[in-house]
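This briefing goes through one protein model by topic, from its overall make-up to single residues. Please keep the sequence and the structure in view while reading.

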Amino acid sequence: MIPNPLILDTLIKDWLLEDIGRGDRTTESIFADNKIGKAHWIIKETGVIAGLPIAEKVFEILDPMAKCERLVLEGEKQEKGTKILTIEGKISALLTGERVALNLVMRLSGIATEARKYVEAIRDYPTKLVDTRKTIPGLRILEKYASAVGGATNHRIGLDDGIMIKDNHIQGAGGIKEAVDKVRKNMPYPLSIEVETSDLTQVEDAIASGVEIIMLDNMAIETMKEAVKLIRKSNPLTKIEASGNVTLDDIQAIAATGVDYISTSAPITRSSWLDISMRM
């Protein structure tokens, strides 16, 4: 889902201000007459397109009369050389907004392209791919959007979305039971509790605590299989998430263990920008 305009417009204006500073010296000198022009975007490598509605916002903020036409659908994989967007409006707006708009779409399309690879790798399993909070500060809402465009399911957007008791929480609280007990005294309805476990003993502790989601973190495949058996035998409704150094090489083996979710930061942290150019 595209971020709410109240959030998105504020972010875009901040990014434009960063780039424009006290003014676009070049463009304002050459195109001070509000001359109208047309530009088109071409992708220079094959990939999944994400962020076109956001690019449109950039140009509309600079020129409310600008008209953008998407030539492809958001989330579609396109071949190198495909024309994906045309923009008509003040040439000054097209050139001033070019870099911000392109940077955003190239970044987001890179994430969507990488996410699609992971989603496709497990398409024969009921397991869902989910992202993480490993995002660039200030860009999370858009990077999560791109992840979803690529086919992943969003995990927590922020710390207030759910309760996840991780290894450092457990260590500081003195154990899983102690951490869960403290959380239950303070958590608002209807949040659920997820606990990170690293071995079968911790899995048993999480089961005994009755949490809704159990994460299997950095476990070997055989250990993961045993953990899934334990959890399913105890409560078939408990959701199971696998996490930790997930790669395209091992994601199918992880999905085959029977987990419900596989969380990884890879589509966001390991993706490359999709190269796109703008031509007047």
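Pro-190 is found in the loop that runs between helix H7 (176–186) and strand E8 (193–197), where helices (H or I, at least four residues) and strands (E, at least two) are DSSP runs numbered from the N terminus. The peptide bond leading from Tyr-189 into Pro-190 is cis, with omega near 5°. The model is a predicted one, in which local features need pLDDT of at least 70 and side-chain atom pairs count only at pLDDT 80 or more, whereas totals for chains, interfaces and linings use all residues. Residues are numbered from 1 along each chain as its sequence is written, and side-chain values use heavy atoms, with hydrogens and water left out.

**Overall make-up**

- The secondary structure of the protein comes to 11 helices and 12 strands, and its C-alpha atoms fill a box of roughly 70 × 40 × 25 Å, taken along the principal axes.
- Of the 280 residues of the protein, 47% count as buried, a term that stands for under 20% relative accessible area, with exposed for over 50% and partly exposed for values in between (1.4 Å probe, protein chains only).
- Among contacts (heavy atoms within 4.5 Å) between residues at least 6 apart in sequence, 71% join residues that are at least 24 apart.

**Helices H4 and H5**

- Two packed helices are described by the angle between their axes and the distance between the axes.
- Helix H4 (residues 91–121) packs against helix H5 (residues 140–149) at an angle of about 40°, and their axes are 7 Å apart; axes here are lines fitted to C-alpha atoms, for helices over the stretch in contact, and angles run from 0 to 180 degrees between N-to-C directions.
- H4 and H5 are therefore oblique to each other, given that angles under 35 degrees count as roughly parallel, over 145 as roughly antiparallel, 65 to 115 as roughly perpendicular and the rest as oblique.
- The crossing of H4 and H5 is right-handed, meaning that the near helix is turned clockwise from the far one by less than a right angle.
- On the H4 side the contact involves Leu-104, Arg-107, Leu-108, Ile-111, Ala-112, Ala-115 and Arg-116, which meet Leu-142, Glu-143, Ala-146, Ser-147 and Val-149 of H5.
- The residues of this contact of H4 with H5 divide into 8 nonpolar, 1 polar and 3 charged (Ala, Val, Leu, Ile, Met, Phe, Trp, Tyr, Cys and Pro count as nonpolar, Asp, Glu, Lys and Arg as charged, and the others, Gly among them, as polar).

**Glu-114**

- Glu-114 has its place in helix H4 and is buried, with a relative accessible area of 14%.
- When its neighbours within four places in sequence are left aside, Glu-114 is in contact with Ala-266, Pro-267 and Ser-271.

**Loop residues with positive phi**

- Asn-218, although not a glycine, has a positive phi of about 55°; Asn-218 belongs to the loop between strand E9 (213–217) and helix H9 (221–234) and is partly exposed, with a relative accessible area of 46%.
- Asn-245 is another residue other than glycine with a positive phi, near 55°; Asn-245 sits in the loop between strand E10 (239–243) and helix H10 (251–255) and is exposed, its relative accessible area being 60%.
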